[in-house]
Amino acid sequence: MTHQTHAYHMVNPSPWPLTGALSAFLLTSGLIMWFHFYYTLLLATGLLASAMTMFQWWRDVVREGTYQGHHTPPVQKGLRYGMVLFIISEIFFFAGFFWAFYHSSLAPTPQTGGHWPPTGILPLNPMEVPLLNTAVLLASGVTITWAHHSLMEANRKESAQALLMTIALGAYFTYLQMSEYSETSFTISDGIYGSTFFMATGFHGLHVIIGTTFLATCYIRQQMYHFTSSHHFGFEAAAWYWHFVDVVWLFLYISIYWWGS
Amino acid sequence: MLRNLLALRQIGQRTISTTSRTHFKNRVAEKQKLFQEEDGIPVYLKGGIVDVILYRATMILTVGGKAFGMFEGAAYAIYHLAVASFPKKQD
């Protein structure tokens, strides 16, 4: 008898962990070659290789779950734990940048002029585009919840519409933030203000792009009938990630844009 | 020749889809059959020839890239060490 007698998933051997690790090597050494020698070939290869690895690895997870039926309840539980732990690790990642911001802004040194924002820095008006960005992300939190409930009620048309709206709002946020970046009177090299501002908001923006991509993948899968009204963990993982991105923005807005101006 | 042209026109009409652009057909059952075939092929190759092409391309990019990167890195490091070993005399 060759069939397993347990509910867990014994994964086929896969080359993607290896190609992922090699891509990471190319990315890191590629960054060094770019920073120090203006040489971009290694970095470009690393970016392409990591994108291909991610595409194929996650394509295989979809195949294993949706097409091969390996995502039994205990397996799904493990996937849920995994996503939660990953998001917690990302919270710690952002905690570092917030620590750096509060370290410098709570007790401004003589080098900044003894106050925050430092002398010479003209911060963005928190009541203009940043406030719009807040509204956009909060609205996207509503639309994704609507999409989820529609999905659970097997309402295909509404869940697709709501998901599309969420993606559009995410793209709109990215567009607004990019235009704000071109409007700032300060750059990343303008002292500690510039560093903390762009590192924190920059990584947040990257996570918005990642989240939007995840949502777009969910939209395609929804159109291909991958989700059922009771089993759609991929969508739930994307929704959790999206809410996390929204919450990070709220902290950013209140700390850096509002209190820090 | 005109007869052939007419036949071509008929085929064209028959193959036009009647579903709207945004409607996908539910092909999950077909995919399930394909990926559950007991042929010993691992999941990362089970989709067909495109899987094999993508896999080979990824391996070439990464393993080849690593080999090239290490060689290049070593070459750069040795070059810069050599340059540093013979400092230019300050006038």
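Pro117(A) sits in the loop between α3 (73–106) and α4 (129–152) of chain A, and in this predicted model a cis peptide bond, with omega of about 0 degrees, joins Trp116(A) to Pro117(A). Elsewhere in chain A, two residues other than glycine have a positive phi, namely Tyr38(A) and Ala154(A). Chain A also meets chain B in a contact that takes 35 residues from chain A and 32 residues from chain B, and the area buried between them is about 2,900 Å².

**Backbone features in the loops of chain A**

- The peptide bond between Trp116(A) and Pro117(A) is cis, its omega being about 0 degrees, and Pro117(A) belongs to the loop that runs between α3 and α4 of chain A.
- Tyr38(A), which is not a glycine, has a positive phi near 60 degrees, and this residue lies in the loop between α1 (16–37) and α2 of chain A.
- Tyr38(A) counts as exposed because its relative accessible area is 71%, which is over the 50% that the term requires.
- Ala154(A) likewise has a positive phi, of about 60 degrees, without being a glycine, and its place is in the loop between α4 and α5 (156–183) of chain A.
- With a relative accessible area of 57%, Ala154(A) is also classed as exposed.

- Thr66(A) is found in helix α2 of chain A, which covers residues 41–67.
- Is Thr66(A) buried or exposed? Thr66(A) counts as buried because its relative accessibility is 15%, which falls under the 20% limit for that class.
- Apart from neighbours within four places in sequence, the residues in contact with Thr66(A) are Arg221(A) and His226(A) from chain A, together with Val28(B) and Gln32(B) from chain B.
- His226(A) is 160 residues away from Thr66(A) along the chain, yet the C-alpha atoms of the two residues are separated by 6.4 Å.
- The side chains of Thr66(A) and Arg221(A) are joined by a polar contact of 2.9 Å.

**The interface between chain B and chain A**

- Of the area of about 2,900 Å² buried between chain B and chain A, carbon and sulfur atoms give 71%.
- Two salt bridges are counted between chain B and chain A, and one pairs Arg63(A) with Asp51(B), with the closest N and O atoms 2.6 Å apart.
- Eleven residue pairs are in polar contact across the interface of chain B and chain A, both residues of each pair being at pLDDT 80 or more.
- On the side of chain B that touches chain A, the elements that give two or more residues are α2 (28–35) and α3 (49–85) of chain B.
- Which element supplies the largest share of the side of chain B that touches chain A? That element is α3(B), which provides 17 residues.
- Sorted by class, the side of chain B that touches chain A has 15 nonpolar, ten polar and seven charged residues.

**Chain B as a whole**

- Chain B has three helices and zero strands, and from the N terminus on its elements follow the order α-α-α.
- Chain B has 91 residues, of which 13% count as buried.

Terms used: Residues are numbered from 1 along each chain as its sequence is written. Chains are lettered from A and ligands numbered from 1 in the order in which they are written. This is a predicted model: local features need pLDDT of at least 70, side-chain atom pairs count only at pLDDT 80 or more; totals for chains, interfaces and linings use all residues. Side-chain values use heavy atoms; hydrogens and water are left out. Contact means heavy atoms within 4.5 Å. Buried area is the accessible area (1.4 Å probe) that two parts lose on being put together, summed over both. A salt bridge is a side-chain nitrogen of Lys or Arg within 4 Å of a carboxyl oxygen of Asp or Glu. A polar contact is a pair of N or O atoms within 3.5 Å; within protein, one must be able to donate a hydrogen and the other to accept it, and residues adjacent in sequence count only if both atoms are side-chain atoms. Helices (H or I, at least four residues) and strands (E, at least two) are DSSP runs, numbered from the N terminus. Ala, Val, Leu, Ile, Met, Phe, Trp, Tyr, Cys and Pro count as nonpolar, Asp, Glu, Lys and Arg as charged, and the others, Gly among them, as polar. Buried means under 20% relative accessible area, exposed over 50%, partly exposed in between (1.4 Å probe, protein chains only).
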